[in-house]
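Subject: Structure for your review

Dear colleague,

Please find the structure below, followed by a short account of what was found in it.

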Amino acid sequence: MFLKYDSIDGDHGFHEVVGQMVQYLKLRYVKLHWSMFDDRVALDDAARANMPAIAKFEEAMNSCESYIIRCPLQENAYDCGVYMLHTMDLVCAMVQREGFSYETHMRQDHSKWYIQADIDAKRHFLANMVLEIDTYVCD
């Protein structure tokens, strides 16, 4: 399952990108199974030799769903990275606390998950962290 949290509210070709990611993952999976063969063996021959595993993986990837999750919208043109980091912090904390249930997650209204003041605080926290690292590395 692919979930997209977008603080600028748009599709931006998300489903096409997911399709390309699925194709890449399928090819990567075949290549990993192919790597145990001699380089002179054709990729098709290696794929045939591993057909059950590859078929199972392809089936799982073909049934993979993708969803755009509504989340708080940014109020400026420069905080998208901070929004992304803050959203992933909240998602990871939720998964640690409760596990992940797609049905529960989709029923929640994430558009009010946090406010701009939270993002401002996260931006300052990140800036201070970078300055601390810089001080540590440069000393």
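Helix 4 covers residues 80-98, and its 19 residues should span 27 Å at 1.5 Å a residue; the end C-alpha atoms lie 26 Å apart, which agrees. The expected span is 1.5 Å times one less than the number of residues, and helices (H or I, at least four residues) and strands (E, at least two) are DSSP runs numbered from the N terminus.

This is a predicted model, in which local features need pLDDT of at least 70 and side-chain atom pairs count only at pLDDT 80 or more, while totals for chains, interfaces and linings use all residues. Residues are numbered from 1 along each chain as its sequence is written, and side-chain values use heavy atoms, with hydrogens and water left out.

The pLDDT (the predictor's confidence in each residue, from 0 to 100) averages 81 over the protein, and 86% of the residues score at least 70.

Within helix 4, Val82, Tyr83, His86, Thr87, Val91 and Met94 are buried (under 20% relative accessible area, with exposed over 50% and partly exposed in between; 1.4 Å probe, protein chains only). Seen down the helix axis, these buried residues fall within an arc of 165 degrees, so they line one face of helix 4; the arc is that of the directions from the axis to the C-beta atoms. Gly99 follows helix 4 and has a positive phi, near 80 degrees.

Asp6 sits in the loop between strand 1 and helix 1 (14-34) and is buried, at 8% relative accessible area.

Yours sincerely
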